[in-house]
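Biologist: Hi! Could you walk me through this one while we both have it open?

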Amino acid sequence: MTGAPTAPLLEVRDLAVAFNTPDGVLEAVRGVSFDLARGRTLGIVGESGSGKSVATQSMVGLTRGARITGQALFDGRDLLALPAAELRAIRGRGIAMIFQSPMSSLHPLYTIGWQITEMIRAHEHVTSAQARVRAIELLGHVGIPRPERRVDDYPHQYSGGMLQRAMIAMAIALNPRILVADEPTTALDVTVQSQILRLLRRLQQEFGTAIIMITHDLGVVAETAHDVLVMYAGRAMEQAPRESLLRSPRHPYTQGLLRSRPRLGTHGTRLIPIPGQPPSLIAPPPGCPFHARCEHSIDRCTSSAPPLAASADGDSAHRSACWLSGQGTAP
Amino acid sequence: MTADALIQLRDVVKEFPVQSRAAFGGRSERLQAVAGVSLELRRGETLGLVGESGCGKSTLARCVVRLLQPSTGQILFDGQDISTASHAELAPYRRRMQMIFQDPYGSLNPRRRVGSIIGDPFAIHDVGPAGERRRKVQDLMALVGLNPEHYNRFPSDFSGGQRQRIGIARAIALRPELVVCDEPVSALDVSIQAQILNLLDELQGELGLTYLFISHDLAVVRHVSDRVAVMYLGRIVEIAPSEALYEQARHPYTRALLSAVPVFDPDETRTNASVELTGDPPSPLDPPRGCRFHPRCPRAQSRCAAEEPQLIPRAGDGPEHTTACHFPLVEGETMAIGAAPRMTP
Amino acid sequence: MSAGPPIRSRGPWELAFERLRRDRAAIASAVTIVFALVVALAAPLLAQLTGHSPIEQFTATGLSPTGIPVGPGREFWLGTDGLGRDVLVRIAYGTRISLLVGVLASALAVLIGAIVGIAAGWHGGAVDTFLSRFMDVVLSLPFLILALALAALVGPGLGVSIFLIAFFSWASVGRIVRSEARAIREREYVQAARALGAGSARIMFVEMLPVVSATVIVYATLLIPSSIAFEATLSFLGLGVPPPTPTWGNMLTDAMAYYKVAWWLLLFPGAALLGITYAFNVLGDSVRDALDPKHDQTIGAGRGGDA
């Protein structure tokens, strides 16, 4: 994917999402910015509480009762400022989502075929016969064997991997420009996971869909993403092309994640974990959210949160939110 | 059978009755979750057990700690047959073997205080006067890295990693010899997993524990295990010392499993070329004849559909590396990328 | 070493109580119930205050020259009934019966139902089948016919009322508890207890009961208004506490003869019955919401694929 840089498909600037809870204001996302280029995959990596799912859900209006600030420019229109009706029109055609557990995203009492055709007909003026033909085509495209028979099956008759494929079929039915996949393989076996990731790559090549892949699993990111954004406690910690991130991570959090993995050569040794736990998102203290667990933390880290910036001597595409790496000295 | 075997499984089978459905002529009314497993767990070792969903590893784990009674076959603990022991007869064994569960949210009773939960083993087995129990529980909490002052809190006050520590404290309270770990870190955040794995390692050294470690995460299993057993559809398809399995897996399923693990260290060269298995793992309700893996196997031949392969050393391996395959992979052999199965089911 | 969470520890009961405290409907209904309790306790005081006992018949001042009951006024604040008795004082005393029977019968029903339900749910198999069928039989028994028969045999009274109501209420609680117990049986913490060697009794008591208690409390609260209504029905039919002891039910029976000319005889006992039933129903709903297990997750802790 080289060539003259084109305008990004999606530009998110300073996205912040907060929820009112009985215990206080929960700041799920605190000022995150990223771009999504056409036909590329952005991997958003984070653990629980990182805000990765909330960020994308808020863009398409799936977070009820939340206070959202910032901008999400899709085709020049700010998704966060759109009225509900227009946003609904974009969902499915412009931006489609698939979730972790297809069993709970699909209605158990309607056939798969019915659900797909209904979705198509909600956005396009086609007869139900035409929509059904398209549904069968889609199911075949995502690798479901004998789609003309399986189209009339109910979700409980599909296995986990097939359900996820069916979800993907539904998601790409209207040929969306962006596909947001929220932990699509977490609940699947590793061999099925590799099939699904392969499928997504193939679809991206065929249709040029941009993908946002949300996951906690660095391995998934390693297999699928072109660019990676690492989130922690609602903030962006590091952003870089995949190779660069995995080869030379700059942020202590990313370094900690990679270093603490069990892998070749760790047998018989103690792993090097990241000590402590993620902070509470309710009334979070100022400063870098990672400082309490960071071995390189200095005074400045507790008082102000570093911005996402490229280091002076490094690659401008590789940015890290750390006072130490920002000054050109990687910790 | 080695002399220092703590657990011996001989042809263990565990079946569950299934409501028969009218369609398909009702092939099987019993689901064989574990379909004949023979295994040995040696004192002090960590045996890893890997497999995908439906392979029966969790069921096997529960049979070992006698949460389930095997349908047929024998389970020997320290030479004693506990396969058909009653609840009362099992009481002394319960102190010697325990289990850690996967779900840190489901494995602790949300309406009970943490101190009470960890103190359960003492209460159940009537160990020590009540006053002393509290002190013991607090010692345990400190041992697993929890603040002993949180004795009276409820599980909902703790994070996933801390809850798992509570579960571990409960399991080691009576200083068991064997601990079965059923996916102990799978439900935890990555940054916490390493903490818990280290804790388990530490405890094994301090208390002389033997672990049966079940996981679907091959990287974790490789890190913790001395030997690894691979399960598929209720059977063991390969057992080997950890490094031998990862470097020279003989069974095509093992290779496929290993190849599905993402590689992201550019320094880690892929020893297993990417193999895409077609289809989903089949259901144990209607297992294939002959070798259970043959319908998905790129190397299958007619013999595989007819004859079930035995779990024995192959291709010149020693007794420590056994494989259940008629055509195991030999040195340097790789499986074709994306090969379709030879045999149609 | 990982330090504990810095937040204040609040167990599930405390959290539920706080939720309840914030619920306006719950507060309103609680106030109503407390008011009724006060009235019940202060009934003798009220009798002293007005100078009328609940069973005294004031034929001179309480009845019109033609024998019609007197309406609400200065002498009798809520009027009199057909025998010249003070309606207000009678309602106050009637509150005692209603609350006593309501609470005791519910408590008994819930106790039996919980025990049977847990036993059936935990043991499964033959025990479960037997107990479930037994509960089904109890639920199919005709209430009125049996009430009549029993009253005929032993004579109506307070104890009989409580027993009857409890007998006809426990089975529905039992069924609910049984299905919950069955679900809990499969939970991992119960598996863990079994792995530790816990026996049936311990698991039922120590593991299941605390979890089931949330449902049980909700049911107890919701059972009270129906028990009160049951009692009113029984005494309306003459099968409850015998006269002259006032209960709302038998006051309504008396009202049947006079309501065309004495609306207060129907309105006040009826309103009291309706009011207390409604208050308990609302409270029961609020308690159910407060104890909803979905509220018991801490925010942001652990992996749930949420954020």
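We'll go through a chain contact, a pair of domains and a helix.

Modeller: Happy to. This is a predicted model, where local features need pLDDT of at least 70, side-chain atom pairs count only at pLDDT 80 or more, and totals for chains, interfaces and linings use all residues. Residues are numbered from 1 along each chain as its sequence is written, while chains are lettered from A and ligands numbered from 1 in the order in which they are written.

Biologist: How many residues of chain C are in contact with chain B?

Modeller: 29 residues of chain C, against 37 residues of chain B; contact here puts C-beta atoms, placed from the backbone, within 7 Å.

Biologist: And which helix of chain C gives the most?

Modeller: α8(C) does, with eight residues. Both α8 (188-196) and α9 (200-236) of chain C supply at least two residues each. Helices are DSSP runs of H or I, at least four residues, numbered from the N terminus.

Biologist: Switching to chain A, what are its domains?

Modeller: Domain 1 is 38-57 + 83-225 and domain 2 is 235-263 + 270-326, with bounds from an automatic or database domain assignment. Their centres, taken over C-alpha atoms, are 32 Å apart. Six residues from domain 1 of chain A and six residues from domain 2 of chain A make the contact.

Biologist: Back to chain C: what span should α6 have?

Modeller: α6 (residues 143-154) of chain C should span 16 Å, because its twelve residues count at 1.5 Å each; the expected span is 1.5 Å times one less than the number of residues. Its end C-alpha atoms are 16 Å apart, which agrees.

Biologist: What comes just after α6(C)?

Modeller: Gly155(C), with a positive phi of about 85 degrees.

Note on methods. Contact = placed C-beta atoms within 7 Å.
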